[in-house]
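Colleague: Hi! Could you walk me through this one?
Modeller: Happy to, here it comes.

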Amino acid sequence: VSWVVGSAACWLVAALVALLRPRRGGIPEKLQAILTLAGGASLMVACIAPLHGSVEVRQATWPLSFGPLALRLDPLSAVFLVPVAVIGSLAAFYAQGYARLGHGVPSSRPSMVAFPLLLVAMTMVAVAANTVLLLIAWELMTLTSWSLLTAHHERREVRRAGLSYLIAGHVSAAALLLLFALLSQSPSGWAIPIQPGPLRSTTLWLALLLCWVGFGTKAAVAPLHVWLPDAHGAAPSHVSALMSGVLITMGFYGLLRFVPALAPLPPSALLAWIGLGALGTCGGILMALSQRDVKRILAYSTIENAGLVTLASGAALLSSAHGHPALAALAWGAALLHLWNHAVAKSLVFLAAGAMGRIVGSLDLEQWGGLLRRLPLLGTALLVGTASLVALPGTHGFAGEWLLFLGLFRGAQEMVGLPRLAMVLSVVATAFAAGAALACFVRLAGVGLLGHPRSRAAADAAWPLSPWLAVPVVTLAASCFALVPILGPLLALLGPAVEQLAPGASFQPVERMAAPLPWLAILPLASVVLVAMGRLWLHRRRPVRWSVTWDCGISRPTATMQYTASSLAAPVTKVLQPALRTTFRWAPPRGLWPSALAWESRTPERALAELYRPAFARLSRLLGLLARLQEGRVVTYVRYVGLALLVLLAWLFLPEPWR
Amino acid sequence: VSALLSLATLLVLAPLMPGVAAKTMAILTGRRGAPLFQPYRDLARLLRKGVVYSTATTWMFRAAPAMWVSSAVLAAAVLPLDGRSALVGFPGDLFFFTGFLALGRWFLTLAALDTGSSFEGMGASRELMIGAFAEPVLFLALLTLALATGGLSMSTVFGALVGSAWMRAGASLAMVTMSLALLLVAEAARGPVDDPATHLELTMIHEVMILDHSGPDLAAILYGSALRLGLFASLLVDLVWPRAGLPPVLAAAGLAGGLLVVAVLVGVVESSMARLRMTRVPQYLVSAGVLSALGALLLIR
C-alpha cells in the first residue's frame, strides 16, 4: 500500500509541477513525464505482492462519519492497477511528442494538471475500501477525464461530446450514490468488499440495476455506451488511449467487485447480462465497420470488446450459479486476460492512429491511404495492433479470445437446458463478431495504410522522428508479440484474482489447459521466417520488375479508382440493413456523357436515436410541468413554505394507525 | 507416423483437386478439358517465372502469398487427417484451426487492398463479407460436433470419437456434414458461391483478389487455395468415413480417395448450378448456419 501511496504522491507532484510552472516546454514537461513514469513504476511494484495472492489493508486514523477511511490492495484491484500503471506512463510519455505534432497546439495547463490527477483517481477507485471514498474517486475520475476530453473546446463537436460525457458520468455517479446508500443497510455497511447477506428479491434486483447503470455506463456496456464514440473521437489521442484502454476497465472493476458479491444472483438476470454482452459485441463491431472516422472505428471496437468481457463475465457468473466452479474459473480468466490484452492493443492503435491523424491532418479514412510506405514505423505498429485486436494467432490478443471460446464450448458441453442454449448463442455472437472484426480492421488497415494515397496530405506525409512518440508505440507493438511466450506466468498472475471472484474455484486447471498456447502461437512467427527464407531462395536468380498495378487494362490507375472505405463495407451493411438502419443515397450518372455520380451511406447510432433522444425529450417535457411551479414571485414561494408546514403539521397530528 | 503420412498425402494431392473438379466439369459439359495434372504443370511453370510488383505495394503484398500457404499448412497440422489423431492435438486446438484460417484471410485481403486496384478492392470486400458470415457457421459446426462427441480438440471431434457419435447423434452429425459441405464451397471459393472458371472479373471473388500476383507468388497462392479446398474436404472425409481402426497406409489411401471423391462432387455441383447472385451469398451461408444450429438444438435437452 505504501507503494500505491508513493505513486499517487508522484502523480500529485506532477500535477503541481504543471500547475505552478506556467512556462511551457523545457524542464517542467520533461519533469512531469519522468514523475509520471516514476509513479507508474511504483504502482507496478505495489502490484507484485497482491498479484501473487496477498491482501493488504491500511486504515487511516481519521474517524469519519461513514466509517474509517481505508485502502485495500488485493489481487482483484492489482489486476486493474496494472493497466493504469503501464498505459498511464506510456500515454504521458507520448503526450509530450503528440502536442508538437502536425497542426497540433501544445497541451493546455488544465489538461496537463488533469492527466496525473486522472491516474490518481483511477488508482483510488481500485484501492478504496470504503464506498464513500470510492464515490469521491469516481467523481474525480469523471471530472478529470472530462477536462482532458475537452482540451480542444474551441471546436463545437468537442463541447457536445464533453457535455454528453458529463451527463453520462453523473447518471452513473447518481446510480452509485443510491447503490451505496442501499448497501449501507446491509451488515457490512460502507465497507468494501461488501457482505450483503441474504437480500430480498426486490432489493437484489434494485441493487443489480443500480450496479448496471452505475458501473456499466463507464464500462460502455450496451446500450449505455452512447457517450463513448463521441468522447473518444473528440479527445486527444493519448487521452483516448487511456480512456479506451484503462478507464473502461475501471467500470468493469466496479462490476466485478460488487456483482459477484451479491450472489446468489437470479438466473434471469444473468441471462440478460449475457444478452447485453452479445448485443454490445455484435452491435459494436458492426457500427465500427460502418464508420469513416478512424477514432470512431476504434471507439466502437472498444464497445465490442467491452461486450466480450461482459459476455465472459456473464458466462462465469452463470457457471458459478449452476455449480461449475472450474468453468467459472475459465471464463473469469478469459475476461481478465481479455481486459489486459485489450488495454495494450487498443491503446497501441489509438496512439499510432492518433499520430498519423495529426500528420495527415485528418482522421477521415478516405483522406488516408498509402501511409505504410510513408510512415513505416507507425504503420507497422497500427497493423500489429489491429492484428492483435482481431485475435490472430501469433499475437497476444489471440489468447484471450481462445480462453473465451474454450470457456463457452465447455459451458455448452457441461451445462444443460437454458444455460446450454445461452452458451450456444454466445458462441454464435462471438464468432460473428470475430469475423466482422476481421472485416473491420482489414478495412481500417487496407484503406488507411495501403494502396495509393487518397489525399495530398497523405501523399506528403512524413515522420518527424520523435522519440517521445516512437518509444511508447514501439513498446506496445513489441509487447503484442513479446507477451505471447510469457503467457503462462502472465496467466498465473490472474489466478488469485480469479479465485477471489469465484470462491471455491481453482485456477490451476486453466493454467494447465493454456500451457500449449505460447508454443503454438509462436508457430506463425517461425513459419514466417521459414517461408521468407524459402522466398529468398526462390527469388535468387529471378528477374524482379516494378510496374503500375495491373487494373484489367487501365494503364494509369489513380487513387480515385480505389475502393472506398464505405463501399468496402457495403456488402455487410446492405445485408444487415434491417438491423443497422443504414441509409444509402445514390445519384446515378445521367445523360449520354455522364460526368458525376454520387453514392453515400450513413449508419445512425440507434441507441441514441431511438432510445435516449425520445427518452430525454419526454423527460424534459415532464420536467417542464414542474417548471410552472417556479413563478419567480416571493409571495408564491412563501405560500409553498406555508403549505409544506401545514402538511407536516397534519402528518404530525395524524392518529397513529394511519401514519 | 500415421499422421505424417496423411499430412504428406494432403500436401501432395491438394493441387490435384482443382484439376479433378475441372475435368469433371469438362466431361459433364461435353468438352475434353485440360489434363488432370494441369495444376501441377501450372505450378511448375509459375515457379520458373520472374515476378512483377506494383509500385503501389508494400511488404504486406510480398508477405501475403507465403502467409496464405503457411497458415493453411499450420491449420492442416491440427487436423486428424488419418481419422485418428493430428500431428499436434490438445484441448482447444479447434480455435487454432479457425485462427489460422482467419490469419490467411487477413493477409490475402490486405494484399489485395495493397495494390490500390478497384477490382481487387471489390474482391476483398466480398471476401470479407463471406468471412463475416462464414465464421459463425464454422463455429456452430464445431460446437455441434463438440457437443456430440464431448471433445474439445480437432483430433477428438473429427477423429477417434466420430464413429460412436454417429450412433448416438446421427441426425445432428448429418446436419453438420451438410453444413460443412455448404461451407466448403464458400471458403474454398468454388461454385455456386464463386466462379473460378469465369473470364469476367466483375463476377469473381477469390480470383479477382490475386490479379496482381505473379511468378512464384502466384504459385504459392494457387497452392494455398488448393490446400484450403483440401482442408475442408478432409473435414468432410473424416466426418463421413470414420476410419480410426485402419492401418496408416490404408488411412492415408482412404484420405486420398475421399479427397478425389469430394473434388468430383465439387465439379458436379459447379457444372449443374449457375453462380448465385452476390446478395444471395449471405442467405446461402445463413442457411448453412441454420443446418448446424438445428444439429446443435437436437443435442440441447
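Colleague: How many aromatic pairs are there over all chains?
Modeller: The count is 23 aromatic pairs over all chains, where rings of Phe, Tyr and Trp (its six-membered ring) pair if their centres lie within 6.5 Å, with planes under 30 degrees apart called stacked, over 60 edge-to-face and the rest tilted. One of them joins A:Phe432 and B:Phe133, tilted, at 5.9 Å centre to centre and 55° between the planes.

Colleague: Which helices does that pair link?
Modeller: The pair crosses from helix 16 of chain A to helix 6 (residues 118-149) of chain B. Helices (H or I, at least four residues) and strands (E, at least two) are DSSP runs, numbered from the N terminus.

Colleague: And what are the ground rules?
Modeller: This is a predicted model, where local features need pLDDT of at least 70 and side-chain atom pairs count only at pLDDT 80 or more, while totals for chains, interfaces and linings use all residues. Residues are numbered from 1 along each chain, chains are lettered from A in the order written, and side-chain values use heavy atoms, without hydrogens and water.

Colleague: How many residues of chain A are in contact with chain B?
Modeller: 70 residues of chain A are in contact (heavy atoms within 4.5 Å) with 71 residues of chain B.

Colleague: How many salt bridges cross over?
Modeller: Zero between chain A and chain B, taking a side-chain nitrogen of Lys or Arg within 4 Å of a carboxyl oxygen of Asp or Glu.

Colleague: What about strands, which sense do they pair in?
Modeller: Strand 3 of chain A and strand 1 (residues 51-54) of chain B pair in the parallel sense over four bridges; pairing takes at least two bridges found by DSSP. There, A:Val544 stands opposite B:Val51.
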